[in-house]
Amino acid sequence: SSRITQNITIRGANHTVVIDCSKTKTGPVLDFSGSKFCLSGLLFRNYSINQAIEDQTRLGVWYIQNSDLVQISNCILEDCQIHVTTHFDSPTSFININKTHKLIMNGITIQRMLVTVRQTRQSTSMVSTSAAIMFASAFYIEVSSSVFKENKILSGSKFVPGSILGLASTETFEAERGQIMTNCNFTDNYAITSVVQSYATPNATLKRCNFLRNTVIANVRQITGTLFLESNSNAVIEISDSNFKNNTGNGTAGAISAYNVWSLTIKANFESNVAISGDGGAIRAKMVQRMSIIGSNFTNNTADSGGAVSSDDSGYIKFS
């Protein structure tokens with residue numbers, strides 16, 4: 001375990017930097033706070049932690065915070081596990097990037113990762129227990145040419161939400177803000193509330209991404225989905241040239257859920273997505289003021305209500 005408080009640059013060629021954890025560990029492997037963090041060419045694998053949390057804490061194996069720039073490229077993370085039991089409100093993720101100005105990720109492969117969190121009582125505070133493979137909070141987030149495959153989020157209690165990838169960005173007056181995701185693949189992942197959750201972003205763009213054979217098991221009937229978009233009501237979100245195929249939501253939408261969004265534009269293909277005991281086989285929208293569906297294809301999507309699209313408490317929907 002290392003604590004670094006200045007700048008750090010780690011580079012490897014063709015994954016020549018290898019961290020292979022053959023024994024069970026406790027605590028973060030990487031704990032960084034500083035102005036700039038750059039990491040490339042890393043293969044990280046076979047890490048396992050089984051821990052009982054005795055206080056309110058954020059648990060992360062990679063914990064990076066308070067940085068102007070975090071840049072991660074051409075890295076592989078695979079075959080790692082986190083198992084946590086807590087009586088408290090303890091957000092848990094393998095990678096936790098927090099209070100960062102700009103995050104850029106390119107060419108990342110995250111596969112066969114497992115996070116299990118069991119909370120013995122329901123949360124009573126604003127900082128609730130949650131689980132994720134990766135959680136990132138920054139003014140600007142860019143994820144490109146990355147693969148998330150065969151990852152799992154499991155919960156031993158009904159209180160814990162969980163996503164494979166959670167992204168949060170906040171309102172600022174700067175021109176460079178929001179989230180951009182391009183050329184990413186999400187395949188055969190298993191999560192509690194969403195595979196990808198985009199939260200509180202002033203704007204977001206998703207291009208040329210594929211969501212294939214993912215499963216979301218919602219603990220209760222709720223507005224979540226394979227891709228879950230939630231904002232502070234003034235967000236402008238665009239999804240284009242993307243594919244959603246054979247995704248399943250239990251108690252939620254099969255592919256996309258959007259909540260409290262000002263403007264949502266979708267150009268994508270939806271095939272054989274299923275909402276089991278839920279609404280919106282392909283898309284569910286709630287409190288979305290403007291939704292435009294352009295040049296999209298809907299084939300064999302099923303749900304209790306709205307096999308293709310379900311909308312409530314929203315403004316207008318335009319199909320073209």
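Mentor: In this predicted model, 14 residues line the largest cavity, and Gln179, Ser198, Ala204, Thr205 and Leu206 are those nearest its centre. The prediction sets the limits of reading: local features need pLDDT of at least 70, side-chain atom pairs count only at pLDDT 80 or more, and totals for chains, interfaces and linings use all residues. Residues are numbered from 1 along each chain as its sequence is written, and side-chain values use heavy atoms, with hydrogens and water left out.

Trainee: How is such a space found, and how many cavities of 30 Å³ or more does the structure hold?

Mentor: Rolling a probe the size of a water molecule over the atoms shows where empty space is left. A cavity is a set of points, on a 1 Å grid over the protein atoms alone, where a 1.4 Å probe fits but cannot get out; lining residues have an atom within 4 Å of a point. Points are joined across faces, edges and corners, and the volume is the space filled by probe spheres set on them. Here there is one cavity of 30 Å³ or more, and the largest cavity holds about 110 Å³ of space.

Trainee: Which strands each supply at least two residues of that lining?

Mentor: They are S19 (178-182), S22 (194-199), S23 (203-207), S26 (225-230) and S27. Strands are DSSP runs of E with at least two residues, helices are runs of H or I with at least four, and both are numbered from the N terminus. The protein has 36 strands and zero helices.

Trainee: What share of the 320 residues is buried?

Mentor: Buried residues make up 51%, where buried means under 20% relative accessible area, exposed over 50%, and partly exposed in between (1.4 Å probe, protein chains only). Serine 73, in strand S9 (residues 69-73), has 19% relative accessibility and therefore counts as buried. Setting aside residues up to four places away in sequence, serine 73 touches Leu39, Ser40, Gly41, Asn106 and Ile108; a contact is a pair of heavy atoms within 4.5 Å. Of the contacts in the protein with a separation of 6 or more, 85% are between residues 24 or more positions apart.

Trainee: Which members of the largest nonpolar core touch the most other members?

Mentor: A nonpolar core joins buried Ala, Val, Leu, Ile, Met, Phe, Trp, Tyr and Cys residues through side-chain atoms within 4.5 Å. The largest has 71 residues, and Trp62, Phe94, Met181, Ile239, Ile256 and Leu264 touch the most other members. Strand S15 (residues 131-144) gives the most to this core, namely six residues. Beyond four places in sequence, leucine 264 touches residues including Leu229, Ile237, Ile239 and Val288.

Trainee: Are phenylalanine 270 and phenylalanine 298 buried or partly exposed?

Mentor: Phenylalanine 270 is buried, at 1% relative accessible area, whereas phenylalanine 298 is partly exposed, at 27%. Ring pairs join both to Phe148, Phe186, Phe211 and Phe244 in a cluster.

Trainee: How many disulfides are counted?

Mentor: A disulfide is a covalent bond between the sulfur atoms of two cysteines. The rule asks for a pair of cysteine sulfur atoms within 2.5 Å, and the count is zero. The sulfur of cysteine 184 has its closest cysteine sulfur in cysteine 209, at 4.7 Å, which is too far for a bond. Cysteine 184 is buried, at 0% relative accessibility.

Conventions: Rings of Phe, Tyr and Trp (its six-membered ring) pair if their centres lie within 6.5 Å; planes under 30 degrees apart count as stacked, over 60 as edge-to-face and the rest as tilted. On a 1 Å grid over the protein atoms alone, a cavity is a set of points where a 1.4 Å probe fits but cannot get out, and a pocket is an open set with protein on both sides within 12 Å along at least five of seven lines; lining residues have an atom within 4 Å of a point.
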